[in-house]
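Please look over the chain shown below before reading on.

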Amino acid sequence: DAAYVPVEVEVHTMKVDELRGLLKAVLTHLFRDKLPMPQKDGSLKLPHTRTLQQLEDAYPVAPGVNLPSPDKLALRYKGDGAWSADSLRMALAFFLFADVQVVLYLHEWVSRKELLEHSQFRCTTASESHKTLEDVLTSLQLPTSLQRALRDAGCTQPQELHLLTDESLRRAGVQDAPTRKTICDHVRSVTGVRLICPCCGVNTYVRPSGSGFSYTKYQRLATCMGYHACPVGLTYHCLNPACADVRAKLNAKNITLGAGADVPAHCAATFDSWSPKLMAVLPPEVQVKYHVTWFNKGGVGDDVLSLIVQTADTLASLQHVLTTQFNDKLQKRMDAYSLFVRTERDKADGKSFAAARTNHFASFGAQPPQLNFLPWPFVESGSFLGPPSTDSLRSWLLQLYNDIAQLLDEDVASRVPGMFLSYDHTFYVVLKLKEGGAIVFLLGEFNDIVAYARVPSTSLQDLMPLFEGLAERCKCIFVDVGGGVLVRAHEVLQFVYSDTCCRKADDVSKSSFQVYFPNIRGADLADGFHGVQKVPFNQGHPSAQAFQA
């Protein structure tokens, strides 16, 4: 901030694919051959000339990695030579993504110690799998009596070495603390960790896909408060024949496996190391290291999610606040880039003038050649590197709703218990047919379709014939309401859920369907899917505080 000098800079539009290409180039430059790669047997393949301690020193706050200063990166990339088209391109990239925080989803390395504490994540590495238990215990140079005690502690196979903890060794008679530490350190060194499949919960059949780190294939960003987060992780395959996801793929392709047959590679269950399904099955002490939720497209930081659910502003106001923060950050990055460009051009001008004076060929007033630094790209809301749009905020909220939908529905049902019916329109089918109107579905207690019709519009007038027909059918059905009392089914219905706001739901005079269902207790209630879009950004709504809680 001390060096903040606003200057003018040329701006142009840049396609999303170009931005992704620049981000890939930055990540490749920073992390190629510098991160450990998990192997099939659970061991880690370290980068050349790197030890685990050196990796921990290089990334002390992993899984988060803040990028180095962009001007230093640009000059280091250029080296001692002159600016080239490639180095000029990378200079722009370093400044453009200077505020991006890389999040390492390399759990086998970043969270190795935590995963080793949970048996479902452990595995024996290939270097030890061929040895007998006697070989392993002998290599520890332990007395025969102590080896016998260790077997009595529960170890009969090398794969069970992870059972040897400090407490189990103490119970087995190893009273010397340094000896216990030596044994435990050896056990950890020959025991690997392997992620479990989030579907079947087994790690025996899980392997890295072999396609390398994620940023080499596609690049994604998550929106956080004033910055973006970028995941660096791996894709994994599960080839467990009993895995439900694998079985679904086999059935879809009409493949029947014989006894002992391997699952074809194209039928493997696939998941990413940052996928919400995997993160949900990782130990809590691993989950708390990460503060980003990833969706099918992009992601969002916990700080932004908290702001979405707790804000007292409207959706548009919240988007304006986030846009202002992003634009301020973006403006500083652009100004820093402009200052860097000016400094480098001044250096180049000085060298050109000195060379011209030495060679005696420069005429008076001649202009030295200019360095063609790339112009700064224009970034708009909702774009790859821009602040979130209102549609993005709404989309994140709806995806979060999927996780708490049942809780919200149970909350509403507990406050207004009774027999209910819900309805909603869909335009999907009629749009496919390129015809007007909509299709409306009336759903019962278990989301079963009790009536449906094609209607010219979503107006209540066009809905009435469908409700009238349903009421006439219900008059022919008797329902036991308890104590052997039978009433006609149309008298049981008490509530109707729809996509409208439930602000006046307690006013029975507002109900449009009481003429057909006489015991309806009020106007339509908003169902969870539609209500979640209205309540959080309307602080005057009576349910706003309950939703935030």
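In what sense do β17 and β18 pair, and over how many bridges? β17 and β18 pair in the antiparallel sense, over six bridges; two strands count as paired if DSSP finds at least two bridges between them. Helices (H or I, at least four residues) and strands (E, at least two) are DSSP runs, numbered from the N terminus.

The model is predicted, so local features need pLDDT of at least 70 and side-chain atom pairs count only at pLDDT 80 or more, while totals for chains, interfaces and linings use all residues. Residues are numbered from 1 along each chain as its sequence is written, and side-chain values use heavy atoms, with hydrogens and water left out.

The protein chain has 21 helices and 22 strands. Of its 549 residues, 41% are buried, where buried means under 20% relative accessible area, exposed over 50%, and partly exposed in between (1.4 Å probe, protein chains only). Among contacts in the chain with a separation of 6 or more, 67% are between residues 24 or more positions apart; contact means heavy atoms within 4.5 Å.

The pair of strands in the opening question belongs to an open sheet of five strands, in the order β18-β17-β16-β21-β22, with mixed pairing. The edges are held by β18 (449–455) and β22 (525–526), each with a single partner strand, so one side of each has no neighbour in the sheet. β17 and β18 form a hairpin with five residues between them, and Asn447 in the turn has a positive phi of about 60°.

Next in the order, β17 (residues 438–443) is joined to β16 (residues 420–426) by five bridges, and these two strands run antiparallel. Ser422 has Leu443 as its bridge partner in β17, and Tyr497 as its bridge partner in β21. The pairing of β16 with β21 is parallel, over three bridges. β21 and β22 also run parallel, joined by two bridges, and Tyr497 stands opposite Leu525 in β22.

In a regular strand the side chains alternate between the two faces of the sheet. Strand β21 (residues 495–498) is covered on both faces: Phe495 and Tyr497 are buried on one side, and Val496 and Ser498 are buried on the other.

Away from this sheet, consider the loop between β8 (206–208) and β9 (222–224), where Gln219 is placed. Is Gln219 buried or exposed? Gln219 counts as buried because its relative accessibility is 9%. A polar atom of the Gln219 side chain lies 2.7 Å from the backbone oxygen of Tyr215. Not counting residues up to four places away in sequence, Gln219 touches Arg20, Leu23, Lys24 and Phe384.

Thr216 is found in the loop between β8 and β9 as well. Thr216 is partly exposed, because its relative accessible area is 34%. Its side chain reaches the backbone oxygen of Phe213 at 2.7 Å. Leaving aside neighbours within four places in sequence, Thr216 is in contact with Lys24 and Ser211. The C-alpha atoms of Thr216 and Leu23 are separated by 10.0 Å, although the two residues are 193 residues apart along the chain.

Apart from neighbours within four places in sequence, Lys249 is in contact with His266, Cys267, Ala268, Ala269 and Thr270. Lys249 and His266 are 17 residues apart in sequence and 8.6 Å apart from C-alpha to C-alpha.

Finally, the cavities. How many cavities of 30 Å³ or more does a search of the whole structure find? The search finds two. A cavity here is a set of points, on a 1 Å grid over the protein atoms alone, where a 1.4 Å probe fits but cannot get out, and lining residues have an atom within 4 Å of a point. Grid points are joined across faces, edges and corners, and a volume is the space filled by probe spheres set on the points.

The largest cavity has a volume of about 80 Å³. Its lining includes Asp99, Val100, Tyr227, His228 and Phe326. The elements giving two or more residues to this lining are β10 (227–232) and α16 (315–359), and α16 supplies the largest share, four residues.

Definitions and conventions: Polar contact = N/O pair within 3.5 Å; in protein donor to acceptor, adjacent residues only side chain to side chain. 1 Å grid on protein atoms, 1.4 Å probe; cavity = no way out; pocket = protein on both sides within 12 Å on 5 of 7 lines; lining within 4 Å.
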